[in-house]
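Let's walk through this one together, a question at a time. Keep the viewer open as you read.

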Amino acid sequence: MHSLIASIYFGKQRTLLAITERQEDAFVLHYLNMTSSYINLNNISDKNSVKNLAELSLMMAAFSDKISKLFVVIDRQDAFITKFPCNMNENIFNIRELVELEVRQNFQNAGLSNFNVKVFDIFSNSNNQMLLATFIPQNIIDTCRQIIKGFGTDITDFNVSSIAAINSYIFNYPDEKNENNLIISLDSNVMQFSMLANNKIFSYDIAIDATSQNIPEIIENKANRIISLANIENFKNIFTIGSDLTKSNFFKCWEIGALLGSDTKRLNSFRMFKTTLGKRERDYCSRIFHLFAPCIGGLLPLSCDYKMI
């Protein structure tokens, strides 16, 4: 019987796999793993990608005939994210026109048909309503389908890592629904900042060229800007995720969080999951749960208001 739900996150450091099952009122984690390094979706024939595709294939071998749904999460760096003035109540044709304008402004010789596009509401305390749009290039989608075809299953849906991580937070922290919280992602020298309240996105921002030296300055500047724009006193919690979240970098996040009056912690991607994993695997999960936020969030029902374009 095909009952398993799988998620593959093509990260820029490694490719992550999670195998779960939905049982009545809970998700059950059956398996998770990651490749030795990353799979280059722009050139899957290079030596490193071939090696890691073989690893991924071995991981999937025991589950392929049991999977009912398979979700793919694309790293932000293989996608495009932008914001523009609009709101979700606008006529879908008007939203589509604005999305097409974003394509023309950012890509030469490309049209809307060259992308998988989702738009999400960014809520605001002011009248300046914004939409967040994620664009996954068609060539990346075609490459993923080529990879997944070898596993004997189809792709249910695609998501960008930024949104998938937010989705993981919303599912795993229902007790934080009414709080103002900030998610900080540190991946491949890129930092992303997502503020949520009432399970809605209130702010999304990004900083490139982040290093261990300038992380404190970036966090302080971005956090204070978000606090000012959202007209709040502080964040209750700062949740951190990502492949660059070393002990040293986490401590820097914690220090700035303390200055802001926030409790800083790693986002536990498995917090609300049941599991069939043994003790050794559960101990492993406790060390790496902050890495799996996009992977886990990708297989959960999307909690944020969105539209497909």
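**Cavity, sheets and loops**

Q: How many cavities of 30 Å³ or more does a search of the whole structure find?
A: Keep in mind that this is a predicted model. Searching the whole structure for cavities of 30 Å³ or more gives a count of 1.

Q: How much space lies in the largest cavity, and which residues are closest to its centre?
A: The space in the largest cavity comes to about 140 Å³. Its lining is made up of 17 residues. Closest to the centre of the largest cavity are S161, S162, S185, D187 and Q192.

Q: Which element gives the most to the lining of the largest cavity?
A: Helix 4 (161-172), strand 9 and strand 10 each supply at least two residues of that lining. The top contributor gives 4 residues, and that is helix 4.

Q: In what order do the strands of the 5-strand open sheet run, and which are the edge strands?
A: The sheet has mixed pairing and the order 11-10-9-12-13. From one strand to the next, the twist averages 20°. Look for the strands that pair on one side only: they are strand 11 (200-207) and strand 13 (263-266).

Q: Which residue of strand 11 stands opposite S194?
A: Strand 10 (residues 190-197) pairs with strand 11 in the antiparallel sense, over 7 bridges. Go to S194 and look across to strand 11, and you'll find Y204.

Q: What angle does the direction of helix 5 make with that of strand 10?
A: Helix 5 (residues 215-230) packs on the sheet and touches strand 9 (181-187), strand 10 and strand 11.

Q: Which strands stand at the edges of the open sheet of 6 strands?
A: This sheet has mixed pairing, with the order 8-4-1-2-3-14.

Q: Which residue of strand 2 stands opposite I8?
A: Strand 1 (residues 4-10) and strand 2 (residues 15-23) are antiparallel partners, joined over 7 bridges. Within strand 2, the residue opposite I8 is L17.

Q: What angles do helix 1 and helix 3 make with strand 2 and strand 4, in that order?
A: Helix 1 packs on the sheet, touching strand 1, strand 2, strand 3 (26-34) and strand 4, and its direction makes about 15° with that of strand 2. Helix 3 (residues 138-149) also packs on the sheet, touching strand 1, strand 4 and strand 8. With the direction of strand 4, that of helix 3 makes about 145°.

Q: Is S64 buried or exposed?
A: You'll find S64 in the loop between helix 1 (47-61) and strand 4 (67-74). A polar atom of the S64 side chain lies 3.0 Å from the backbone oxygen of F151. Buried means under 20% relative accessible area. The value for S64 is 14%, so this residue counts as buried.

Q: What is phi of N189, and what is phi of N198?
A: N189 sits in the loop between strand 9 and strand 10, while N198 is in the loop between strand 10 and strand 11. Neither is a glycine, yet phi is positive: near 65° for N189, and about 55° for N198.

Q: How far apart in space are N94 and K307, C-alpha to C-alpha?
A: N94 belongs to helix 2 (residues 92-106). In sequence, N94 and K307 are 213 residues apart. In space, their C-alpha atoms are separated by 13 Å.

How values were computed. Residues numbered from 1 in each chain as written. Predicted model: local features only at pLDDT ≥ 70, side-chain atom pairs only at ≥ 80, totals over all residues. Heavy atoms only, no water. Buried < 20%, exposed > 50% of the residue type's maximum accessible area, 1.4 Å probe, protein only. Polar contact = N/O pair within 3.5 Å; in protein donor to acceptor, adjacent residues only side chain to side chain. Pairing = 2+ DSSP bridges. Axes fitted to C-alpha atoms, helices over the stretch in contact; angles between N-to-C directions. Contact = heavy atoms within 4.5 Å. 1 Å grid on protein atoms, 1.4 Å probe; cavity = no way out; pocket = protein on both sides within 12 Å on 5 of 7 lines; lining within 4 Å. Points joined across faces, edges and corners; volume = space filled by probe spheres on them.
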